Amino acid sequence: MNDFVKIRDFATGSPDFSKVEEVASYTRGKNVWTEYKIMKSHNPIKLRLNESSGEMDIVGNMGFFWNGHNLTFPNSEFIEVIDYLSQLLNQDIGKMKLVEFDHSALVKLDQCPQSVIMNHLSIKGHETKPQKAGKYFKKPRVQLVKMYDATRRMKQLYSSTVRKDILAQSGFVDASNLLRFEKKILNPHAYFKSHLTVDDILKPEFISQLDNDLIDTYKSIMKTGLIKIPEKKNHLTSATIPLIVGKELGMIYDFNFEALIKDKIREISESILTKD
């Protein structure tokens with residue numbers, strides 16, 4: 001699922017800003033910028049125009065803009081938003097370049113999302129940033145990978161009545177144990193070795209490519225495997241901590257920590273491991 005985008009390109013023809021709300025105007029260097037807010041019925045989208053060059057930035061979460069939530073946001077609705085913005089601004093938004101976007105999956109678990117998230121430790125070359133309801137892995141100027149408790153987030157954002165409406169719209173029976181796995185591409189041109197337009201990420205074949213990339217990213221996360229990390233720090237044992245550190249070192253220095261443990265066990269005589 002795609003929902004957040006940051007679009008940057010030059011306006012063509014005669015752009016129309018008469019139906020959007022001007023928020024601010026300021027000068028930066030030799031350039032005059034005007035900021036606008038695009039409202040429909042939910043969360044606004046930000047638009048920024050360089051009055052000197054005609055360069056435009058459009059930034060926002062299309063799911064929140066269109067539906068007031070992003071629990072689910074099908075490709076068909078994304079296309080509706082792009083068509084709506086194109087008509088509103090008298091610009092072909094689909095042909096504009098992407099400078100950031102995200103792709104995500106919503107997973108229904110059979111256990112608390114937080115207990116699953118805790119067992120995901122790190123991604124090689126990324127900074128790990130624990131959050132209240134999840135965990136982020138960031139590689140500057142490349143990508144930001146997020147895992148978070150979507151159930152908890154819904155409870156923070158919406159009343160129980162609104163949650164029921166959102167679930168009904170999204171086809172879920174209940175909101176329990178929902179986990180969001182999300183990847184934000186911070187530089188699509190460098191990541192995909194080509195410029196991407198909004199239309200590109202709406203093509204079924206490219207969405208399939210993004211799905212596979214999301215799976216590969218998840219596989220790259222170092223996990224504790226059968227080691228269950230306690231929810232409270234004072235529940236950690238002297239046996240658990242070395243195992244976690246060992247797996248992290250294996251990720252950093254590119255060796256298989258679990259394989260080393262198995263090899264070491266094989267080297268030990270059965271008579272030593274067997275209790276009389």
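A pocket, as I use the word, is an open set of grid points with protein on both sides within 12 Å along at least five of seven lines, and its lining residues have an atom within 4 Å of a point.

**Entry 1: the model.** I note that this is a predicted model. I counted 10 helices and 12 strands in the protein. Of its 276 residues, 43% count as buried. I also looked up contacts between residues at least 6 apart in sequence, and 62% of these join residues at least 24 apart.

**Entry 2: the largest pocket.** I found a volume of about 300 Å³ for the largest pocket. Its lining has 18 residues, and Tyr136, Lys146, Tyr148, Arg153 and Glu182 lie nearest the centre. Two or more lining residues come from each of β1 (2–10), β9 (134–139), β10 (143–149), α4 (150–157) and β11 (178–185). The largest share, 3 residues, belongs to β10. By kind, I recorded 8 charged, 5 polar and 5 nonpolar residues in this lining.

Entry 3: In soluble globular proteins, nonpolar side chains tend to be buried together. I looked up the largest nonpolar core and found 34 residues, with Ile38, Leu47, Phe78, Leu89 and Phe101 having the most contacts inside it. Among the elements that each supply at least two residues of this core are β3 (31–38), β4 (45–50) and α2 (75–89). The largest share, 6 residues, comes from α2.

I then followed Leu47. Beyond its neighbours within four places in sequence, Leu47 is in contact with residues including Phe17, Ile38, Met56, Ile58 and Leu89. Another core lies apart from the largest one; it has 11 residues, among them Leu109, Val116, Ile117 and Met147.

Key:
Residues numbered from 1 in each chain as written. Predicted model: local features only at pLDDT ≥ 70, side-chain atom pairs only at ≥ 80, totals over all residues. Heavy atoms only, no water. Helix = DSSP H or I, 4+ residues; strand = E, 2+ residues; numbered from the N terminus. Buried < 20%, exposed > 50% of the residue type's maximum accessible area, 1.4 Å probe, protein only. Contact = heavy atoms within 4.5 Å. 1 Å grid on protein atoms, 1.4 Å probe; cavity = no way out; pocket = protein on both sides within 12 Å on 5 of 7 lines; lining within 4 Å. Points joined across faces, edges and corners; volume = space filled by probe spheres on them. Nonpolar A, V, L, I, M, F, W, Y, C, P; charged D, E, K, R; others polar. Core = buried A, V, L, I, M, F, W, Y, C linked by side-chain atoms within 4.5 Å.
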